[in-house]
Amino acid sequence: MHELAARLRRLPPSCGPVRLIGIDGHAGSGKSTFAGRLARALAGAPVLRLDDIAHHEGLFDWTERLQAEVIAPLSRGEAAHYTPYDWHTRRFGPPRPLPTAPVVLVEGVGAGRRALRPHLAHLLWMEVPREEAWARGQARDGEEQREFWAGWVQAERQHFSEDPSRPFADLLVHQREKGYELLPGPAGTVGPDQSITYGDGSSAVC
């Protein structure tokens with residue numbers, strides 16, 4: 001993981017002084033756990049979770065808000081402030097700061113969407129089949145979220161059919177028993193047939 005962190009630090013800035021790294025994949029694929037581990041390897045890099053940007057009435061209709069609250073200030077070298085959404089109260093909370101840093105992680109379904117890619121230094125895709133990822137997510141969230149998941153699956157299918165992320169991924173992230181294996185993505189810069197394995201302890205739990 002520290003080797004990956006060092007590689008990301010060497011990338012040229014992509015959003016003002018920031019190297020913005022997207023971590024995308026199907027819901028339930030382990031994005032949040034992976035982002036947390038990578039953030040620690042990056043000495044506490046800020047993490048923007050797209051679950052805080054999306055909301056019930058706009059599961060994927062958040063591009064303009066992300067651009068205004070996050071991308072625009074970071075591109076000017078300024079700290080961003082965004083209003084996180086509370087999925088239980090269905091309300092937006094008080095503004096939360098997102099500081100500038102050498103590397104900032106953006107994790108969530110749609111992190112590699114068309115409108116965001118020009119601002120990314122690198123895009124990572126969690127390589128988990130969608131049915132497996134969705135099953136993990138539903139098991140994690142329990143019976144009370146069944147109705148939400150039914151609507152989510154349909155919305156995610158439509159989103160990725162119209163605006164796929166995986167074809168533009170620089171690296172594909174495979175979760176192993178211990179750590180992660182990173183393989184070249186369709187848009188990757190790693191040489192052909194070359195893999196990089198980062199073992200950092202026990203596997204992530206989704």
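A cavity, on a 1 Å grid over the protein atoms alone, is a set of points where a 1.4 Å probe fits but cannot get out, while a pocket is an open set with protein on both sides within 12 Å along at least five of seven lines, and lining residues have an atom within 4 Å of a point. The views below show a predicted model, in which local features need pLDDT of at least 70 and side-chain atom pairs count only at pLDDT 80 or more, whereas totals for chains, interfaces and linings use all residues. Residues are numbered from 1 along each chain as its sequence is written, and side-chain values use heavy atoms, with hydrogens and water left out.

View A. A search of the whole structure finds 1 cavity of 30 Å³ or more, and the largest cavity has a volume of about 30 Å³ (the space filled by probe spheres set on the points, which are joined across faces, edges and corners). Its lining is made up of Trp 62, Thr 63, Leu 66, Gln 67, Ile 71, Arg 113, Ala 115 and Leu 116. By class, this lining holds 5 nonpolar, 2 polar and 1 charged residues (Ala, Val, Leu, Ile, Met, Phe, Trp, Tyr, Cys and Pro are nonpolar, Asp, Glu, Lys and Arg charged, and the others, Gly among them, polar).

**View B. The largest pocket.** The space in the largest pocket comes to about 830 Å³. Of the 32 residues that line the largest pocket, Asp 51, Trp 87, Arg 140, Asp 141 and Phe 148 lie nearest its centre. Two or more lining residues come from each of helix H2 (31–41), strand E4 (85–86), H4 and H5 (helices, H or I with at least four residues, and strands, E with at least two, are DSSP runs numbered from the N terminus). The lining of the largest pocket divides into 13 nonpolar, 9 polar and 10 charged residues.

**View C. The nonpolar cores.** The largest nonpolar core has 35 residues, of which Leu 20, Leu 48, Leu 66, Val 70, Leu 74 and Leu 98 touch the most other members (a core is a set of buried Ala, Val, Leu, Ile, Met, Phe, Trp, Tyr and Cys residues joined through side-chain atoms within 4.5 Å). At least two residues of this core are supplied by each of helix H3 (63–75), strand E3 (80–82), strand E7 (103–107), strand E8 (122–126) and helix H5 (146–162), and H5 gives the most, with 5 residues. A second, separate core of 23 residues includes Phe 34, Leu 42, Met 126 and Tyr 180. When residues up to four places away in sequence are not counted, Val 70 touches Leu 48, Arg 65, Ala 80, Tyr 82 and Leu 98 (contact means heavy atoms within 4.5 Å).

**View D. Pro 73 in helix H3.** Pro 73 lies in helix H3 and is buried, with a relative accessible area of 7% (buried is under 20%, exposed over 50% and partly exposed in between, with a 1.4 Å probe and protein chains only). Leaving aside neighbours within four places in sequence, Pro 73 is in contact with Gln 67, Ala 68, Glu 78, Ala 79 and Ala 80. From C-alpha to C-alpha, Pro 73 and Arg 96 are 14 Å apart in space, and they are 23 residues apart in sequence.

**View E. The surroundings of His 26.** The loop between strand E1 (19–24) and H2 holds His 26, which counts as buried at 12% relative accessibility. Not counting residues up to four places away in sequence, His 26 touches Lys 31, Val 109, Trp 125, Val 128, Pro 129, Arg 130, Ala 133, Trp 134, Glu 156 and Phe 160.

**View F. Salt bridges.** The count comes to 10 salt bridges (a side-chain nitrogen of Lys or Arg within 4 Å of a carboxyl oxygen of Asp or Glu). The side chains of Glu 127 and Arg 166 meet in one of them, at 2.7 Å from N to O. This pair links distant parts of the chain, 39 residues apart, with Glu 127 in the loop between E8 and helix H4 (130–141) and Arg 166 in the loop between H5 and strand E9 (171–175). Glu 127 counts as partly exposed at 24% relative accessibility, and Arg 166 is partly exposed too, with a relative accessible area of 31%. In another salt bridge, between Glu 78 and Arg 76, the closest N and O atoms are 3.1 Å apart; here Glu 78 is partly exposed at 38%, whereas Arg 76 counts as exposed at 53%. Glu 131 and Arg 130 also form a salt bridge through their side chains, at 3.3 Å from N to O, with Glu 131 partly exposed at 47% and Arg 130 partly exposed at 33%. A network of salt bridges links Arg 114, Arg 117 and Asp 163.
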